[in-house]
Amino acid sequence: MLGDKDANPTIAVKNLDAAIGFYEGKLGLTRIHADQRGVALYKGGSSTIMVYESQFAGTNRATAVTWLAGGDVDEIVKALKAKGVAFEKYEFPGTKHEGEVHVQGTHRIAWFKDPDGNIHALSSQ
């Protein structure tokens, strides 16, 4: 039923203006739609990311968005760090850290949070 349909991230934030500053200023996303009050839509690859105001923003303690960065994980981490984005460190069995990047065999992944605590991942796979 849904196997051939695209899915797009929907990210709740408390303050849309602060979120716009992060998603545009730090992540480099370009807004594609600004007509709806309390909502900003962004293009990311073939996905559309919806950022919207909600009283429940930041309550998810798991990864909300995974960016499929391929071999660019380390380069993107470096660029985001230069813009002031802080990265998370997690301890998983069989995982080592190379700076902010978690390494599991050939898989490279790094996590960061937006201003509301929504967790994002940069993944090589």
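K43 stands opposite T48, a residue of strand β4, where strands are DSSP runs of E with at least two residues, helices are runs of H or I with at least four residues, and both are numbered from the N terminus. The model is predicted, so local features need pLDDT of at least 70 and side-chain atom pairs count only at pLDDT 80 or more, while totals for chains, interfaces and linings use all residues. Residues are numbered from 1 along each chain as its sequence is written, and side-chain values use heavy atoms, with hydrogens and water left out.

**The sheet and its helix**

β3 and β4 pair in the antiparallel sense over six bridges; two strands are taken to pair if DSSP finds at least two bridges between them. In general, strands of a sheet pair through backbone hydrogen bonds, either parallel or antiparallel. Here four strands form an open sheet with mixed pairing, in the order β1-β4-β3-β2. Its edge strands, each of which pairs on one side only, are β1 and β2 (30-33). On average, and with direction ignored, neighbouring strands of this sheet are turned by 35 degrees against each other. Helix α1 packs on the sheet and touches β1, β2, β3 and β4, and its direction makes about 10 degrees with that of β3. Such axes are lines fitted to C-alpha atoms, for helices over the stretch in contact, and angles run from 0 to 180 degrees between N-to-C directions.

**The nonpolar core**

The largest nonpolar core has 26 residues, and those with the most contacts inside it are Y23, V51 and F112; a core of this kind is a set of buried Ala, Val, Leu, Ile, Met, Phe, Trp, Tyr and Cys residues joined through side-chain atoms within 4.5 Å. Among the elements that give two or more residues to this core are α1 (16-26), β4 (47-53) and β9 (107-113), and α1 gives the most, with five residues. Leaving aside neighbours within four places in sequence, V51 is in contact (heavy atoms within 4.5 Å) with residues including I11, L16, Y23 and Y42.

**W67 and the aromatic residues**

W67 lies in strand β5 (residues 63-68) and is buried, with a relative accessible area of 19%; buried means under 20%, exposed over 50% and partly exposed in between, with a 1.4 Å probe and protein chains only. Not counting residues up to four places away in sequence, W67 touches L27, F112 and H120, among others. The side chains of W67 and H120 are joined by a polar contact of 3.1 Å, that is, a pair of N or O atoms within 3.5 Å, of which, within protein, one must be able to donate a hydrogen and the other to accept it, and residues adjacent in sequence count only if both atoms are side-chain atoms.

The structure holds seven aromatic pairs, in which rings of Phe, Tyr and Trp (its six-membered ring) have centres within 6.5 Å, and planes under 30 degrees apart count as stacked, over 60 as edge-to-face and the rest as tilted. Two of these pairs share Y90.

| Pair | Type | Centre to centre | Angle between planes |
|---|---|---|---|
| Y90 and F92 | tilted | 6.1 Å | 45 degrees |
| Y90 and W111 | edge-to-face | 5.2 Å | 80 degrees |

Y90 lies in the loop between β6 (87-88) and β7 (96-98) and W111 in strand β9, so their pair ties together parts that are 21 residues apart in sequence. Y90 counts as partly exposed at 24% relative accessibility, whereas W111 counts as buried at 9%.
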